[in-house]
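The stops below concern aromatic rings and their surroundings.

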Amino acid sequence: MPMNHMQPFSLELDFQTGIIRPCNNYIERRLSDMPGMYADHEAEQKALQGGDPVIYQVHQYDVPNENGHLLVVTSTIHAGKIGDEYHMTKGHYHARRDTAEVYVGLQGQGYLLLCTEEGGFESMPVVPGTITYIPPYWAHRTVNVGSEDFIFFGVYPADAGHDYGTIESEGFPMLLVQRDGVPTLVPNPTYGRPA
Ligand code: PAN
Ligand code: ZN
């Protein structure tokens, strides 16, 4: 075996929390880490003053960011809303646009929102046991529409990278908000315009 071959390994995944052990890349995103991403800026300011809640946590196991390797990752989005918009991830395109990703729902009730640079949009529910395929060229964001943690597992090419800037400046075409108690997609009034 050539010396540069990596050794196989296994990790432990806690389905209740999304924690993987060992984990060499942990990210915690608070509301202050995603300024202006929620439509209701007044509600955002209030929540920031009220303690800047942790919106989601990501546990990833990093391997070399090289073609051929895969990254495994779990995301745990805590339940809640900013105004009437459900807690969500920042959302991103992969820096290498021609890379896909697979998500598997583990716990809670969520949605996957996807869009393309040509204005395409799709959404699909993600619950425990749902496998979603995110094809190349689709930006992706996940949303917790339930009352408990929404947890999902993901796997994607290690050289994909993340482009957050495009979504930061343009947003998603649709927002997922609570209307009459139910998750409802509504057009994003500021889509395509800097926040
Ligand atoms: C996921 C996401 C994770 C957090 O692992 O990175 O759910 O969302 P943001 O990266 O948009 O903050 C993934 O899609 N990785 O490529
Ligand atoms: Zn991704």
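Predicted model: local features only at pLDDT ≥ 70, side-chain atom pairs only at ≥ 80, totals over all residues.

Select Lys90 and Tyr164: Lys90 lies over the face of the Tyr164 ring, at 5.2 Å from the ring centre.

Next, turn to the pairing of aromatic rings. How many aromatic pairs does a search of the whole structure find? The search returns 3. Select Phe9 and Tyr61: the ring centres are 4.9 Å apart and the planes meet at 45 degrees, so this pair is tilted. Phe9 belongs to the segment before β1 (12-13), whereas Tyr61 is in strand β4 (residues 54-61); the pair therefore ties together parts that are 52 residues apart in sequence.

Colour these two residues by accessibility. Phe9 has a relative accessibility of 44% and counts as partly exposed. Tyr61, with a relative accessible area of 19%, is buried, because the cut-off for that class is under 20%.

Now select Tyr103, Phe150 and Phe152, which ring pairs link into a cluster.

For the last stop, centre the view on Thr116, in the loop between β10 (110-115) and β11 (121-126). Is Thr116 buried or exposed? Its relative accessibility is 9%, so Thr116 counts as buried. To see what surrounds this residue, show Tyr93, Tyr137, Trp138 and Tyr191: these are the residues in contact with Thr116 once its neighbours within four places in sequence are left aside.

Key. Residues numbered from 1 in each chain as written. Chains lettered and ligands numbered in written order. Heavy atoms only, no water. Helix = DSSP H or I, 4+ residues; strand = E, 2+ residues; numbered from the N terminus. Buried < 20%, exposed > 50% of the residue type's maximum accessible area, 1.4 Å probe, protein only. Contact = heavy atoms within 4.5 Å. Phe/Tyr/Trp six-rings, centres within 6.5 Å; stacked < 30°, edge-to-face > 60°. Lys NZ or Arg CZ within 6 Å of the ring centre and 35° of its normal.
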